[in-house]
Amino acid sequence: MKLNLFAGLLILASIFSATAQDKKPLSDPPMTLERAERLVPRLALKPAKSLIPEGKVALDTIDTVDPAVQILLFSDNTWAYRRDPSQAAGNNVFTENWTDEYPDPYRTTLEGLPDRVTIWVVDSLSDYHCPNQVAVFSPYGGRHGRRHTGVDLPLKTGNPVYAAFAGKVRMAKYYRGYGNLVVLRHQNGLETFYAHLSKINVKVGDWVEAGKVIGLGGATGRATGAHLHFETRYQGYAFDPQWLIDFNTGKLRHRVFTLKKRYLTPGSKYVPESEDEEIAINEADAKDMELARQEAEKKAAREAALASAEYYKIRSGDTLGKVAQRYHTTVNRICSLNPGLTPKTTLKIGRRIRVR
Ligand SMILES: [Zn+2]
């Protein structure tokens, strides 16, 4: 069996195919969902499935050149690769920039990142599970000046929250606006954040498989109503999780994902500093939305008035008084509908005036 080649492929968890020397500052406009939709082709991919067959009994294991990978032999004479979590957890991905103190342990600048990184989201050894399958309630990105570094997925308090991919628990505690927060780091370097939990089921250093219930949904921290705030981060920078996961169907969009530097913005490094700051942002957000609502109402009223507008073409012998009488209105009212028109204006034949 081509174990050397295979092990080699495994080690290539992330390939930097970029020109790291390109230090041009990013001048892209801030990332919005609309931009993300245009930037990333939404391929209709089937959900990634583990190659380990269901309903079979594993009889034995065989070691490979990669200490983290074994071959499982099944009762029906089939076999499959298996990653040994205890070995995988020894990888330096799980030791460097590692702390349970705060959400962003990386000291990376955007300029220091390669233009694109190929990330093996799942391979034949790793699985995927949707953290909480439901339509996204609040998308990633700036809205009304708010820095939203994840997606909000409504759920009921106490509903299970699943690990999206296998990984090691880096944080499992209450952290400011996030409330009860679990951060998982995955072998490919990605991190996933699960916030506002009512209960945390894991502890720092635990190895979890995809689909493990890492906690229960809730509304702890800065949250109005129970929801899962879910983030995907690379080197501390958040990017829209919808690039990876279609939350409507719960399916993974890519097995291999090319993360481009332009998907990341300085704002995506944002971590809520305090609940007060979050509340302030939230209140500004609500104020902006109220203003937008009032503006929309005014606009609708103007449009409704225009839609019901009526015009009259002045004929020989017409006076404003006669026209007002015909339309059961007043001269002053007609003048107010026609800028520049006064009761003393001489009416030219053929002039169109608004009467309603
Ligand atoms: Zn959120």
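## The model and its confidence

This is a predicted model, in which local features need a pLDDT of at least 70, side-chain atom pairs count only at pLDDT 80 or more, and totals for chains, interfaces and linings use all residues. Residues are numbered from 1 along each chain as its sequence is written.

The pLDDT is the predictor's confidence in each residue, from 0 to 100. For the protein chain the average is 79, and 74% of the residues score at least 70. Please take some care with residues 1-27, where pLDDT stays under 50 and the model has 33 contacts beyond four places in sequence. A contact here is a pair of residues whose C-beta atoms, placed from the backbone, lie within 7 Å. Residues 40-51 also have a pLDDT below 50, with 18 contacts in the model beyond near neighbours in sequence.

## A sheet of three strands

Now back to the opening pair. An open sheet of 3 strands has the order β9-β15-β13, and its pairing is antiparallel. At the edges stand β9 and β13, each with a single partner strand, so one side of each is left without a neighbour in the sheet. Strands are DSSP runs of E with at least two residues, helices are runs of H or I with at least four, and both are numbered from the N terminus. Two strands pair if DSSP finds at least two bridges between them.

Strand β9 (residues 160-162) meets β15 (residues 213-216) over 3 bridges. Here Tyr 162 has Val 213 as its bridge partner. On the β13 side (residues 199-200), 2 bridges make the link to β15, and Lys 199 stands opposite Leu 216.

## The nonpolar core

A nonpolar core is a set of buried Ala, Val, Leu, Ile, Met, Phe, Trp, Tyr and Cys residues joined through C-beta atoms within 7 Å. A residue is buried if 20 or more other C-beta atoms lie within 10 Å of its own, exposed if 12 or fewer, and partly exposed in between, with C-beta atoms placed from the backbone.

The largest such core has 51 residues, and Ala 163, Leu 181, Val 182, Tyr 194 and Phe 239 touch the most other members. Strand β12 (residues 190-197) gives the most to this core, with 5 residues. Leaving aside neighbours within four places in sequence, Leu 181 is in contact with Met 171, Lys 173, Tyr 175, Phe 193, Tyr 194 and Ala 195.

## Loop residues worth a look

Most residues other than glycine have a negative phi. Gln 235, in the loop between β16 (227-234) and β17 (237-239), has a positive phi near 55°. Gln 235 counts as buried because it has 21 C-beta neighbours inside 10 Å. His 328 also has a positive phi, about 50°, and is found in the loop between α5 (320-326) and α6 (331-337). His 328 is exposed, as 8 other C-beta atoms lie within 10 Å.

Lys 261 lies in the loop between β20 (256-260) and α4 (275-307) and counts as buried, with 21 C-beta neighbours inside 10 Å. The C-alpha atoms of Lys 261 and Asp 115 are separated by 4.9 Å, although these residues are 146 apart along the chain. Not counting residues up to four places away in sequence, Lys 261 touches Leu 110, Leu 113, Pro 114, Asp 115 and Arg 116.

How values were computed
Contact = placed C-beta atoms within 7 Å.
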